[in-house]
Structure formats: C-alpha cells, structure tokens
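Hi,

Here is the structure I promised to pass on.

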Amino acid sequence: MTRRTSTLRSMLFGVRAALPVALLVVLSGCVERRLWVRTEPEGAHVRINGNDVGVSPVAWRFDHYGTVLVEAELDGHEPVQRKVRLDPPWWQRPGADFFADVVIPATFRDDHEVRFELEPARKPSAEDLDRQVRRLAARARKLRAEAETR
C-alpha cells in the first residue's frame, strides 16, 4: 500500500467518524419552554423572580423547570403574586429528554400558562393609612439609627 493510499484511507475514516457527530449537531432537536402570563384586564407589568419580563399578555422563555414567583401590577388595581410550579412533560424527564433535546430533528414546545384576575384597588380606610404611617415612621427611625452607628 502506498503512502498516498494510506493517507486517503485515514482521511476517509476520519470523515466517516465525524459524519454522525456532525449530523447530530445539524439535525439536533430543540425544546422551547415558555410561561405565558395573562391578566384580566390586560396591560399589567409582569415580573418573574423579581425580573421585569414585559406587559401582559407576555411569554417568558425559561431553561429550567421548578418554581417561580410571578407578580403582576396594573395602575388602579391590587397587585398580585403567585408561586407557579413549572413541571416538565414526559418527554423532558431524564432519559427521554436526550431524544427531544438532541436526537429528534424537530422543535418541541412546552407552554405553561398562569392567569390573574386583577381586582380594582380598594381605597384604604383612615385606620389603614394611620397604621401605614406609623409602620413607615418606625422603619425610618430604625434605618436612621443603623446609619448613625456605621
């Protein structure tokens, strides 16, 4: 066997070995995970885990399952918050997730949804306002004392 033939064979072997890996990369699957937040009325500012994500209705893309804190605020309405658990579908459980994420050349969508009915803001009573003033004044005194000791 000549040196040129040997080099050609080793190159062909390298191409054959790399081809399955290249196909997995090019034809790999994809999973889009979204949490839809809808409010009634629409137009509420939405935060997830303290980060602004937009105005409802809004879709938030996420990478990991678990529990998130969803908050919605709209002028003239009571603010609301709720812990939302994002559970994976069967095809995202360990073992099956490899095929959905890598092997199957398709895009899988996993949409979750949370809805909020925003109540009109109630007018605080005189006692509520007085209690809030006392609480804020106490907090201000505490912060002032902490600042003076530093």
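Predicted model: local features only at pLDDT ≥ 70, side-chain atom pairs only at ≥ 80, totals over all residues.

**Aromatic rings**

There are two aromatic pairs in the structure. A pair here means rings of Phe, Tyr and Trp (its six-membered ring) with centres within 6.5 Å; planes under 30 degrees apart are called stacked, over 60 edge-to-face, and the rest tilted. Trp-60 and Phe-62 make a stacked pair, with 5.8 Å from centre to centre and 25° between the planes. Phe-62 also pairs with Tyr-65: their planes are at 80° and their centres 5.6 Å apart, so this pair is edge-to-face.

Residues are numbered from 1 along each chain as its sequence is written, and side-chain values use heavy atoms, with hydrogens and water left out.

Phe-62 is buried, at 5% relative accessibility. Trp-60 is partly exposed at 21%, and Tyr-65 is partly exposed too, at 23%. Across the 150 residues of the protein, 21% count as buried.

**Strands and the overall layout**

The protein has three helices and seven strands; these are DSSP runs numbered from the N terminus (helices H or I, at least four residues; strands E, at least two). Along the sequence they come in the pattern α-β-β-β-β-β-β-α-β-α.

Look at strand β5 (residues 66-73) and strand β6 (residues 80-86), which pair in the antiparallel sense over seven bridges. Strands count as paired if DSSP finds at least two bridges between them. Val-70 sits opposite Arg-82 in β6. The two strands form a hairpin with six residues between them, and Gly-76 in the turn has a positive phi of about 85°.

Last, the contacts (heavy atoms within 4.5 Å): of those in the protein with a separation of 6 or more, 62% are between residues 24 or more positions apart.

Cheers

How values were computed: Buried < 20%, exposed > 50% of the residue type's maximum accessible area, 1.4 Å probe, protein only.
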